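Work through the exercises below with the sequence and the model in view. Each task is followed by a solution in steps.

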Amino acid sequence: MNAHPNLSRGLVIALALTATTAALAALAAGGTVYSKHFKTPLLAEPSPLAASAGEVAFARKLTIKEVRGHWLRVSDGSTKGWVFAGNVSDTKPEDVKGLDGLPVAASQTTVTAAARPLTPAANDYANRRNLQEARADLDWLNAQCHQLTEADVQRFLQEKKKGEFQ
Amino acid sequence: MKILTILVLALVLAPLSQAQFDFGGLSKTFDQAKSAAKMLKGAAGIGPEEEKVIGESVALEIVGQYGGLVRDPAVVARVNLVGRSLARYSSRPELAWRFAVLQSDTVNAFSAPDGYVFITRGLYDLAPGDDVLAGILGHEIAHITGRHALKIVARGEFLSGASSLAAQQSSDVRQLDAQLQHFDAGVGQIADTLFKNGFDPQTEFAADQDGRALASITGYAPGGLRAILTQLQQQGDKSRAIFSTHPPLKDRIHRLPDDPPPAA
């Protein structure tokens, strides 16, 4: 059964408005957000250099108590503090599982994974597709990326006044 | 769900080529594949190991297709500092994000699963400021966080060809070879989308919106992407391919908020 075109268009618009409204409401006091880092730090003040007030685990449901610019004062019932809005999500993040069946929570994979060489399967793929030069380029890229540490990125954010440092 | 299980088996088995057909380890690998299949649901549930293999293979195709990488450490450092600043506030901060510039005069950008983002030199040279660069990279990050390429594979026709192998769970060499062919076909399907067909327009518009939001929350001017799209439209350069795999520039500009261009 085909829906009437105008009805379908109206439904799409209504759904879009609902989603937008829900997203906006989520970032208001009383709304809900979820932590999206393996360990999301909560701070005593809405400032990246403030003292720690604790940390919450990945995908933890947080209630917004107050909004101040890009900062949210949140609580998970026991831990309370300020969090940068970029460190939480208005939808619950999915935790993908590894081959061992254990959750691969947003862990510290960013730096270490970049240092690893291409997987054997990708190496074989390069051979089958005659992409050895491209493989050498990716190896070079991975080495370059490995040299760039999380501390470098943090320093960049601070110098450029980005992220929590806005 | 059955089809998804087949996909997972196909992808998990692809690394077997490296095992030099070690039949002694096959049953263990099949068990791993079955376990992986059980826990997955939907394209969003493709596990990190599978995504890594797919992403690397797609990245190889992109680099091979577009003339290799610009091996300039300063350029790579810049795109990675801006890119990783954005990625840390994305919905998938845990990925091993890597950003690079391709040796190509065309104007385009690509992404591969598992955090690979590429921008052509032709586009990079048009983005002297970080606000514009952030707008471009934000769009590509959105493709990865939205698992857009993985969704293409998950609904691809090549899955059905793997059904007999998944059902029999055989250690037959010919069937392993068939798995590799299915895997290569899946990667080829993603590559065709990236290089020829493009994502569907709604997916691209969504990536524009999500990328803009990501740039904004990170502290970059939200009008960076709109500014470069407008610049390209006004230049009307017909001497080279410009975002040839994306919707028309005017349609993308029209759907973005009317943000002012970033300060020079």
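**Exercise 1. Chain contents**

How many helices and strands are there in chain A?

Solution. Chain A has five helices and seven strands; helices (H or I, at least four residues) and strands (E, at least two) are DSSP runs numbered from the N terminus. Along the sequence their pattern reads α-β-β-β-β-β-β-β-α-α-α-α. This is a predicted model, in which local features need pLDDT of at least 70 and side-chain atom pairs count only at pLDDT 80 or more, while totals for chains, interfaces and linings use all residues. Residues are numbered from 1 along each chain as its sequence is written, chains are lettered from A and ligands are numbered from 1, in the order in which they are written. Chain B holds twelve helices and three strands.

**Exercise 2. Burial and contacts**

Solution. A residue is buried if 20 or more other C-beta atoms, placed from the backbone, lie within 10 Å of its own, exposed if 12 or fewer do, and partly exposed in between. In chain A, 29% of the 166 residues are buried. In chain B, 54% of the 264 residues are buried.

Next come the contacts, meaning pairs whose C-beta atoms, placed from the backbone, lie within 7 Å. Taking contacts between residues at least 6 apart in sequence, 55% of those in chain A join residues at least 24 apart. With the corresponding count for chain B, the share is 74%.

**Exercise 3. A helix pair between the chains**

Describe how helix 3 of chain A packs on helix 3 of chain B.

Solution. Axes are lines fitted to C-alpha atoms, for helices over the stretch in contact, and angles run from 0 to 180 degrees between N-to-C directions. The crossing is right-handed, the near helix being turned clockwise from the far one by less than a right angle.

On helix 3 of chain A, the contact uses A:Ala121, A:Ala122, A:Tyr125 and A:Ala126, and on helix 3 of chain B it uses B:Val53, B:Glu56, B:Ser57 and B:Leu60. Six of the contact residues are nonpolar, one is polar and one is charged. Here Ala, Val, Leu, Ile, Met, Phe, Trp, Tyr, Cys and Pro count as nonpolar, Asp, Glu, Lys and Arg as charged, and the others, Gly among them, as polar.

**Exercise 4. A helix pair within chain B**

Solution. Helix 4 (residues 73-87) of chain B packs on helix 6 of chain B at about 55°, with axes 9 Å apart. That angle makes helix 4 of chain B oblique to helix 6 of chain B, and the crossing is right-handed. Residues of helix 4 of chain B in the contact include B:Val82 and B:Leu86, and those of helix 6 of chain B include B:Leu133 and B:Ile141. By class, the contact has seven nonpolar, two polar and one charged residue.

Conventions:
Two residues are in contact if their C-beta atoms, placed from the backbone, lie within 7 Å. Angles under 35 degrees count as roughly parallel, over 145 as roughly antiparallel, 65 to 115 as roughly perpendicular and the rest as oblique.
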